[in-house]
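Please examine the sequence and the three-dimensional model shown here before reading on.

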Amino acid sequence: MINMLEVYLNFKNEAKAAIAFYETVFDVKNEGIMTFADAPADPEHPTPEAWKDLVINSSITIEGVPVMISDVPDGMGLTFIEGNNVSLVINTNDEAKIDRIFNRLAEGGKISMPLGETFWAKKYGMVVDKFGINWMLNYSDEA
């Protein structure tokens, strides 16, 4: 069973520069950069031209901890405010667990994105808990 806690960092259109900086600071190499242009096409929600070179996801490991990184362009639906750009991520292949954790975190909090299927996961959702902590929950049925 996969259960993992990770960190997610968001940047205002400067994720590539942040990745390059953290690579030198921590003497690590990113595990690949996916841009918005690399994401599957969605005719109902086409990717704006200004977003295409921005990072939709990248990952590095810092001191043994997986750290995912992305840009948050204007109009994405998530408002970037310096200070809210850090999220904790729960990854698991236990569907009941992800449902339970998401629902409990949402109690007294605010759902930013309901749990639903994405191109990378069977279920993914975002919630800000009642203490103001950003959470991303990711369920995949892969072992």
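The paragraphs below treat the domains, then a group of strands, then the salt bridges.

This is a predicted model, in which local features need pLDDT of at least 70 and side-chain atom pairs count only at pLDDT 80 or more, while totals for chains, interfaces and linings use all residues. Residues are numbered from 1 along each chain as its sequence is written, and side-chain values use heavy atoms, with hydrogens and water left out.

The chain is assigned two domains, domain 1 (7–71) and domain 2 (88–139); such bounds come from an automatic or database domain assignment. Their C-alpha centres are 20 Å apart. An unreviewed UniProt entry lists residues 8–136 as "domain: PhnB-like"; UniProt positions are given in the numbering used here, feature names are shortened, and annotations may be inferred rather than shown by experiment. Over residues 8–136, the chain is 19% helix and 35% strand, with 8 Å between the end C-alpha atoms. Helices (H or I, at least four residues) and strands (E, at least two) are DSSP runs, numbered from the N terminus.

Strand β7 (residues 123–128) has five of its six residues buried, so it is largely enclosed by the rest of the structure. Here buried means under 20% relative accessible area, exposed over 50%, and partly exposed in between (1.4 Å probe, protein chains only). Strand β7 pairs with β6 (residues 110–116) in the antiparallel sense over four bridges, pairing being assigned if DSSP finds at least two bridges between two strands. Gly116 stands opposite Tyr124 of β7, and a hairpin of six residues joins β6 to β7. Strand β7 also pairs with β8 (residues 134–139), again in the antiparallel sense, over six bridges; in β8, Leu137 is the bridge partner of Gly125. Five residues lie between β7 and β8 in their hairpin, and Gly132 in the turn has a positive phi of about 85°.

The structure holds six salt bridges, each defined as a side-chain nitrogen of Lys or Arg within 4 Å of a carboxyl oxygen of Asp or Glu. One of them joins Asp99 to Lys123, with the closest N and O atoms 2.7 Å apart. Because Asp99 lies in helix α2 (residues 95–106) and Lys123 in strand β7, the pair ties together parts that are 24 residues apart in sequence. Lys123 is buried at 19% relative accessible area, whereas Asp99 is partly exposed at 22%.

Another salt bridge links Lys12 and Asp74, with 2.2 Å between the closest N and O atoms. This pair connects distant parts of the chain, 62 residues apart: Lys12 is in the loop between β1 (3–11) and α1 (15–26), and Asp74 in the loop between β4 (65–71) and β5 (86–92). Lys12 is partly exposed at 29% relative accessibility, and Asp74 is exposed at 60%.
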